[in-house]
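In these entries I record what I looked up in the structure. I begin with charged pairs and go on to helix packing and strands.

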Amino acid sequence: MASSDPVYLRVVADIRRQIVDGSLSPGAPIPSRAQLTRKYGVGETAARHALRVLVAEGLIVGRVGSGHYVRERPVLLPLHRWRFHDHHAPFGADIQSQGTRATWDWRAEPAGATPDIAHRLRLDESAPVTRIHYIFRGDGKPIQLATSYEPAEFGETAEESPRSLIARLSAIGVKVTEIVEQVYTRVPQPAESDALALPAGVQVLHVERTHWAGDRPVETSDIVVPGDRFRLVYSHPLHP
């Protein structure tokens, strides 16, 4: 660290290094503020700030009345995209196939297309769409959020057991020919952190998915997945 850097960064860098190289294993206690001040020769404020930075990075977790500990490294579970594309809840079907009990809640409502959604669906701004909110749970714990948008003419009325989008559109003569997904990571919004019970410092995987019928987009979704729990798996069959 350059001498002009804040002193707390020296503490952060050293503890981060120990966590990364395994000197501090998952679950290991982190020195208290008083111990940090003595070990690194810094003030109370610097020690407190260093701990806050490490929590924000997702490297350590605080426990009330107990101190800070190295965060456990979760095993990333595979999410197979498109494996169950004809199921009315592909995500639920996927995690259920891996032995996790899947449940989900959803609600549909009429809405006007925002500028972004209008662009993605090639509609006029504020054009009527059906917006469907989903929250998926694995063994009772929230693990995915999704919001789907369809042109109002395709929008499904509320049913207890909705059919898959592909099957529903096929029934009215609209054939889905392609599914396009764009994936990026981002900082979760506060409501997303609360809904998914995300630890501090954990980012989410944002999947922007669009169903196409020829050259027309017929549905688009924003799917939010905890970045510390899942890895996305894509399979691309090759046809001779």
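Entry 1, a salt bridge. In this predicted model, I found that aspartate 14 forms a salt bridge with arginine 17. The closest N and O atoms of aspartate 14 and arginine 17 are 2.7 Å apart. I then checked where the two partners lie: both belong to helix H1, which covers residues 8-20. Aspartate 14 and arginine 17 are 3 residues apart in H1 and are therefore separated by about one helical turn. I noted as background that side chains of opposite charge can pair when their charged atoms come close.

I next examined helix H2 (residues 33-40) and helix H3 (residues 44-56), whose axes come within 9 Å. The axes of H2 and H3 cross at roughly 115 degrees, and the two helices are therefore roughly perpendicular to each other. I recorded the crossing of H2 and H3 as right-handed. On the H2 side, I listed Arg33, Leu36 and Thr37, which meet Glu44, Ala47, Arg48 and Leu51 in H3. By class, this contact has 3 nonpolar, 1 polar and 3 charged residues.

In which sense do strands E1 and E2 pair? I found that E1 (residues 60-63) and E2 (residues 67-70) pair in the antiparallel sense over 4 bridges. Arginine 63 stands opposite glycine 67 in E2. E1 and E2 form a hairpin with 3 residues between them. In the turn, I noted that glycine 65 has a positive phi of about 75 degrees.

Methods: Residues are numbered from 1 along each chain as its sequence is written. This is a predicted model: local features need pLDDT of at least 70, side-chain atom pairs count only at pLDDT 80 or more; totals for chains, interfaces and linings use all residues. Side-chain values use heavy atoms; hydrogens and water are left out. Axes are lines fitted to C-alpha atoms, for helices over the stretch in contact, and angles run from 0 to 180 degrees between N-to-C directions. Angles under 35 degrees count as roughly parallel, over 145 as roughly antiparallel, 65 to 115 as roughly perpendicular and the rest as oblique. A crossing is left-handed if the near helix is turned anticlockwise from the far one by less than a right angle, and right-handed if clockwise. Contact means heavy atoms within 4.5 Å. Ala, Val, Leu, Ile, Met, Phe, Trp, Tyr, Cys and Pro count as nonpolar, Asp, Glu, Lys and Arg as charged, and the others, Gly among them, as polar. Two strands pair if DSSP finds at least two bridges between them. A salt bridge is a side-chain nitrogen of Lys or Arg within 4 Å of a carboxyl oxygen of Asp or Glu.
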